[in-house]
Amino acid sequence: MHFSGTVYRNPYWSTWPLLEITQGCTHNKCKFCTMYKDVPFRMSPMEWIEEDLKELAESDPDAKTIQVLSANPLVLTYDKLAPIFEMINKYLRKMEYIYLAGRVTDLKNKTVEELKKLKELGMKEISLGVESGDDWTLDRINKGYHAKDILEQCHKLEEAGIDYWMTFLNGVAGKSHSREHAMNSAKIFSQCKPMLVGTGGLTLFPGTPLLEEAKRGEFDPLSEKEMLEELKLFIENLECDCSFITHHTVSGKNLTGSDFLKRKDQIVAALDHEIKHGDLNRMAALRHNKRTL
């Protein structure tokens, strides 16, 4: 298999096998991330992709799902993605779901009709690293789009009938804009129809611009308690009929699962308990020991 470097996969997609069709990230400018810092973006040669699929056809011929890598393969145009998906179906004849991740802006180069055709080829579910629905925060962390873009592109997915995930990055706005980040994100997310909303808490990794700004006093990171309070505020104002997961340092008990709206009060109560009685030192230690997003 042609894996060109460190492999990052969505741990919540229980998909196998993995197929790398791009390397790196087209944006590579988010201030909280170093995952692809030194990896130039490029599409894998079609020869590599076909060789890998031939290998997978021998090792896992009955595969019904596949996760396509790397950071944002969704950026490829329809004319480049469709032949790859057709090749996947050619070699893995029982294929049902082709999963991949992307940026909100990756959808701009595709029409609704093209998205519908990609769904027919297997792209029934994708994950979008949205992070925030607040324009100030999106600019602050250099995401490269605004809230109106999130709404426009997610509505295209809905029209095409493609399920999608949205992520909220807890703490990324710092103390000065925490409330606006939580409230405006919940407002934008609630105008979309994601099948799942996922959250994670900001960790300031070495080599990230946000860490350097924090050292210079230009970024005011939240404490563990403040992170939980922001997450609680986001959830209190979120009105999505979806599933909900978190890989926050707080225990996932009573937080993760389906039927978010039915469990919303339970989730808020669990967070309130952690804010008042949780082991914040343990959470801080877990965050300190993280090595990657």
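Pro 17 sits in the segment before strand S1 (18–20), where strands are DSSP runs of E with at least two residues, helices are runs of H or I with at least four, and both are numbered from the N terminus. The peptide bond that leads from Trp 16 into Pro 17 is cis, with omega near 10°. This is a predicted model, in which local features need pLDDT of at least 70, side-chain atom pairs count only at pLDDT 80 or more, and totals for chains, interfaces and linings use all residues. Residues are numbered from 1 along each chain as its sequence is written, and side-chain values use heavy atoms, with hydrogens and water left out.

Two further backbone features deserve a look. Leu 69 and Ser 70 are joined by a cis peptide bond with omega of about 20°, and Ser 70 has its place in the loop between S4 and H2. Asn 28, although not a glycine, has a positive phi of about 55°; this residue is found in the loop between strand S2 (22–23) and strand S3 (42–43).

Helix packing comes next. Two packed helices are described by the angle between their axes and the distance between the axes. Here, axes are lines fitted to C-alpha atoms, for helices over the stretch in contact, and angles run from 0 to 180 degrees between N-to-C directions. Helix H1 (residues 46–59) packs with helix H2 (residues 78–91) at an angle of about 20°, the axes being 9 Å apart. In contact (heavy atoms within 4.5 Å) are Met 46, Ile 49, Glu 50, Leu 53, Lys 54 and Ala 57 of H1 with Pro 83, Ile 84, Met 87, Ile 88, Lys 90 and Tyr 91 of H2. By class, this contact has nine nonpolar, no polar and three charged residues (Ala, Val, Leu, Ile, Met, Phe, Trp, Tyr, Cys and Pro count as nonpolar, Asp, Glu, Lys and Arg as charged, and the others, Gly among them, as polar).

H2 also meets helix H3 (residues 112–120), their axes coming within 10 Å and crossing at roughly 10°. That makes H2 roughly parallel to H3, and the crossing is left-handed. Tyr 78, Leu 81, Ala 82 and Phe 85 of H2 make the contact with Glu 114, Lys 117 and Leu 118 of H3.

For helix H8 (residues 224–237) and helix H9 (residues 260–277), the axes come within 10 Å and cross at roughly 160°. H8 is therefore roughly antiparallel to H9. The crossing of H8 and H9 is left-handed, and their contact has eight nonpolar, one polar and seven charged residues.

The largest pocket has a volume of about 1,100 Å³. On a 1 Å grid over the protein atoms alone, a pocket is an open set of points where a 1.4 Å probe fits, with protein on both sides within 12 Å along at least five of seven lines, and lining residues have an atom within 4 Å of a point. Grid points are joined across faces, edges and corners, and a volume is the space filled by probe spheres set on the points. The lining of the largest pocket comprises 47 residues, with Met 35, Gly 129, Glu 131, Thr 167 and Leu 293 nearest its centre. By class, 24 are nonpolar, 17 polar and six charged. Strands S4 (65–69), S5 (97–102), S6 (125–131), S7 (163–170) and S8 (196–201) each supply at least two residues of this lining.

Notes
Angles under 35 degrees count as roughly parallel, over 145 as roughly antiparallel, 65 to 115 as roughly perpendicular and the rest as oblique. A crossing is left-handed if the near helix is turned anticlockwise from the far one by less than a right angle, and right-handed if clockwise.
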